[in-house]
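Okay, thanks for coming, everyone. Let me put it up on the screen.

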Amino acid sequence: SDFDREWLLHKKCSEWWYATSILKDENNNLYSCQYTFLRMRLLPFLKPYILMSAITDFQEEKHYYNQKFTLFSKNIRINKNEVLCSGAKVLKNKDGMTISSYGDQFSYELKLEYGKGPFWHCNKGKLYMGIENEKETTFYYSYPNMPTTGMINLDGKEIKVSGKTWFDKQGGTFNFLDIHTHWEWFSMRFYDNEEVMLFNFPQQNYSDGTYIKSDLTSSRLNHYNMKPIKFTKRNSYKFSCGWELTMPGIKDENYKIIPIIDGQMNLAYFEQLCYIYNKDNKEVGMCFVELLPGVYNQKIDGKLLLKKI
C-alpha cells in the first residue's frame, strides 16, 4: 500500500518514526513513553541516524531519557516490517506493532494494536513545513489511536501499563537547520475517540492539520487559531507553554491545552503532555506537544542538534 511505501527510507530526505504513548499502571498512575528514530539529511554526504527514547513518571515528575547517534548504517535495518537499531526496535505484523527501547535507567516493551488504522494528514499526506515551496515539504501519516499494553522498567522496578499510542511516520526534503521550518506539533486525543493533529508554524503564520472522527473518516483542518497563554525557557531557549485553541466548526470549537508539568527537553526539541479543557473547563482529552526552538528564537546554535551526544 501507499502507507507501506512511505514507511521506508527515501533518497534526499530527512525522516522519522515517532511514537508517543500515554499510559497508566494498575494504580492509575500516569506515565508517557516516547520513541523517535531519525535519519537526518544535513548534507548529501552527511546523514546521521539518531535514536531518542524516554519515559516520564508524572507522579515523581521524573524524566528518563536516552539517545544514540551514528553516522553508519551497519547495525540499522529498515524494511516494511521493522525499524531496528542498537537499543531499540519497532516490529510490525498483521495485528499491530511492538516497540521496545532500553536506556541506562529505564526500558519499555509495548504492544500496539492498529486501532483505527493509518490516516494521511494535511493535503492527502503532503505538508509544507511552514514554507510553500516544493522542496520544503514532508509526507506524513499516523496511526493515531493504538490500544497499548506492556511493561516499563524504571530504576529496576517493573510496572505493568496500558493505554494508547500515537505513531507517526514522516519525512521529506525540507531543511532541518532552517528555523523557518521549525514547528509546534499538537496531537489531540479526545476521550470521545476522536483526534486532531495540528502542525503550527507561528513564525511563518502558517498552519495545517487533520481532524479524525470516530467514524473513521478524516478531513483537512487548516483554519484554526493557536494562541500561547504563557512561555517557558529551557536550555536558554524560549518555548510556548499552554495555549488557547479556536477551531471554527470543529467539535466544541474552543479549547485550552494545559501542560501537566513544565515539560522535557529531548535533544533539540521540547515535549509536553497536556490536558485538554473545553469552554466549560471540563477535561475532554489529552495532548502530546512537540516544540522546536526555531519557532520563538531567532538564533539557535546549529550544534544544538548534536548536543549531549
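So, the largest nonpolar core in this predicted model has 34 residues. Inside that core, the residues with the most contacts are Tyr-35, Phe-37, Met-97, Tyr-108, Ile-152 and Phe-167. And which strand gives the most to this core? That's β12, residues 137–154, which puts in five residues.

If you skip its neighbours within four places in sequence, Tyr-35 still touches a whole list of residues, including Trp-17, Leu-51, Met-52, Val-90, Ile-99 and Tyr-108.

Apart from that core there's another one, with 31 residues, and Ile-22, Met-52, Phe-58 and Tyr-140 are among them. In general, nonpolar side chains in soluble globular proteins tend to be buried together.

Now, the holes. How many cavities of 30 Å³ or more does a search of the whole structure find? Two. Strands β1 (14–25) and β2 (30–39) each bring at least two residues to it.

The second largest cavity comes in at about 40 Å³. Its lining includes Trp-16, Tyr-18, Tyr-140, Trp-183 and Glu-290. Here we count six nonpolar, one polar and two charged residues. β1 turns up again, along with β13 (157–172), each supplying at least two lining residues.

Methods. Residues are numbered from 1 along each chain as its sequence is written. This is a predicted model: local features need pLDDT of at least 70, side-chain atom pairs count only at pLDDT 80 or more; totals for chains, interfaces and linings use all residues. Side-chain values use heavy atoms; hydrogens and water are left out. On a 1 Å grid over the protein atoms alone, a cavity is a set of points where a 1.4 Å probe fits but cannot get out, and a pocket is an open set with protein on both sides within 12 Å along at least five of seven lines; lining residues have an atom within 4 Å of a point. Grid points are joined across faces, edges and corners, and a volume is the space filled by probe spheres set on the points. Helices (H or I, at least four residues) and strands (E, at least two) are DSSP runs, numbered from the N terminus. Ala, Val, Leu, Ile, Met, Phe, Trp, Tyr, Cys and Pro count as nonpolar, Asp, Glu, Lys and Arg as charged, and the others, Gly among them, as polar. A nonpolar core is a set of buried Ala, Val, Leu, Ile, Met, Phe, Trp, Tyr and Cys residues joined through side-chain atoms within 4.5 Å. Buried means under 20% relative accessible area, exposed over 50%, partly exposed in between (1.4 Å probe, protein chains only). Contact means heavy atoms within 4.5 Å.
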